[in-house]
Amino acid sequence: MRSPTYGIIPNIAKSIKSDILLQIFNNMCRVRYFELGLIEAFKEKIFDKFVYLSSGQESIAASMSLVIPDFMIFAQHRCHSTYLSFGGDPVALRDELIGLPSGTSGGRAGSNCLQYHKNNMTMFGHHGLIGENVPFGVGAALGSGKPVVCFFGDGAAEEDYVFAAMGFAVTHKLPVFFVCEDNNLSVLTTIDKRRSWSMTEVAKGLGMPAVDITDDPWTVYRKTQELKDTLPAFINIYTCRAYWHNSVGTDGPPEWDRFKIVKDELIKLGMGKQIEEIENKIKTSMEQIWDKKLLQKLLKK
Amino acid sequence: MGQKTVAETIKEITRKHLTEDNGLLLGESITAVGWVNNTVPDCKGIIELPMTDVAGAGIAVGAAMVGRRPIFVIRFQDFLVLNGSPLIFFAAKIKELHGNCAPVFVRAIAAENFGPCHSGVLHSIFMHFPGFRVCSPMTPGEYEKIWQDYMEHDDPMIVSEHRASYKNTEELNDVLEKNADITLYPVSATRFEAVKAAQMLKKEGIICNIINILWLKPFELTKRLIDPLTETKKGLVIDPGHEIAGASRSIAYELMYATNCKVGALGLEDKTKCLYEPLQNKYPDAEKIYKAVKNMI
Ligand SMILES: Cc1ncc(C[n+]2csc(CCOP(=O)(O)OP(=O)(O)O)c2C)c(N)n1
Ligand SMILES: [Mg+2]
């Protein structure tokens, strides 16, 4: 099942407008280059707290954010890509990571607990217990009647309260999009060692539409368009994290590198020049955000 | 006081909250088996939760995050161990962590005589964690006051109710005696028992002050609490929960430290509450309070 091509709709990119393709790529670059700057700063010991990197998994939020930009967001610990793709300010994120009062939670919460309540974006902060964002999201949908998206990992999906909350959403026909970013790992334990069942089948059993796909952003984009009109719904997306569970190390190359695959496809589609421009622009802006001298000044080191 | 019971007071407050103030009420089996001892009105805004204790609490917290000020009903306080996670780790932390709020009104109902997992009083656990307001109203007037307090603040509130109070129509005023021998500080349903114990002791010439404890957190060492103790030099805090690391010892410590007077604690023994004697481990009733006071004097 799990593969870099699972469930991809053939020739999907050609059916999506080029400005959307470029916006998705733009979002992916925001995450990738923000985190490259972060990694440098971490290695320079500018800060030393836990960080949960999204690199490798960028395509999911990058594409979904364009379809459901106005949903209330309940993410869990690995949430940089959610935050940045849905429109969170990278400077406020940097400041949160390095513990400044100008951070998203005044520098008190950190990488795994990001919130944002500006520019028409509503992202509620997490607290560190995986999967608890799911009942919170369901309760928020119940209380407000507004649509909600809950992001969680394949590990969190196993928490008993996650599918209890999903079941409640079905019973009450709540507009909640449940998104599992399935990197096959809970810290370092693979799914085959943890369970014999599929979350997608559980979701179907609960009575909601549910699909398994890989993290091809254009397929994710199309599936999100379809499912957002039949909420509650569940989507399980195979993906790979490029770095350690937390912190900035790697255990060799990931199973697949979606960022590179996407770039190659866009070049094949004749967008090489545009994506080069996007990439350079974002690279420069993120380098400015993570400029060492600026950081030292901010931290008065 | 008037004729209204505590149960009727809760029902009235709830009805207004649900019908006029866009509130919600969530809980398991609310609309069955006597509508929670007749404390819940039959009106809009009631959400029957499935038997999902952890997720259910999380759903209530989520509703609080979007401003619905939900009343979350827990029929037996013991279940708070399951319900606790979203309350303790999120609702109570969100203000300091993120600067926003999740004000859930938790109706945590205690009872006596229902065995090991239905007779517990767990408010001490919630005093332990930062971020809650914790109280234990036993009279109609107190319930109205704590509701007002909840609506004026944005913190989650643990309301440690007790079935023994539901039929009560009377306010329980502090009792200050001349030349008293000891000051009693009862909490929750032990307040009704302390009144009886004081009468038993009076017959034997032992005079007790009774200072009612409504607020467990924030706990304020006011003159009302301290002055009678400095006169009697002896005090006893009485709580229906477990004594070890519980409300009785915690409050006794505060009083003792502030006054240098000897203050005892009386709660449950460090034993499971079984259904029948000899290990029933009943909450401090009049008899037990009577004995504890005699031991101290
Ligand atoms: C309730 C709870 N249990 C356990 C943990 C410890 N923990 C933190 S992250 C994590 C792995 C979660 O895996 P997954 O949900 O798949 O997310 P991923 O890190 O793979 O993105 C675990 C077990 C926790 N934070 N909260
Ligand atoms: Mg995982």
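**The pocket and cores of a predicted model**

Reader: Which domains of chain B give the largest pocket at least three lining residues each?
Author: Domain 1 (6–165) and domain 2 (182–296) both do. Domain bounds come from an automatic or database assignment. A pocket is an open set of 1 Å grid points over the protein atoms alone where a 1.4 Å probe fits, with protein on both sides within 12 Å along at least five of seven lines; lining residues have an atom within 4 Å of a point.

Reader: Is this real or predicted?
Author: It's a predicted model: local features need pLDDT of at least 70 and side-chain atom pairs 80 or more, while totals for chains, interfaces and linings use all residues. Residues are numbered from 1 along each chain as written, chains are lettered from A and ligands numbered from 1 in written order, and side-chain values use heavy atoms, without hydrogens or water.

Reader: OK, how many residues line that pocket?
Author: 19, with B:Asn212, B:Ile213, B:Leu214, B:Trp215 and B:Arg224 nearest its centre.

Reader: Switching topic: which residues touch the most others in the largest nonpolar core?
Author: A:Phe152, A:Met166, A:Phe178 and A:Phe234, out of 78 members. Core members are buried (under 20% relative accessible area, 1.4 Å probe, protein chains only) Ala, Val, Leu, Ile, Met, Phe, Trp, Tyr or Cys, joined through side-chain atoms within 4.5 Å.

Reader: And where does it lie?
Author: Between domain 1 (6–165) and domain 2 (182–296) of chain B, because both give residues to this core.

Reader: What does A:Phe178 touch?
Author: Not counting residues up to four places away in sequence, its contacts include A:Val134, A:Cys150, A:Met208 and A:Pro232 (heavy atoms within 4.5 Å).

Methods: Buried < 20%, exposed > 50% of the residue type's maximum accessible area, 1.4 Å probe, protein only.
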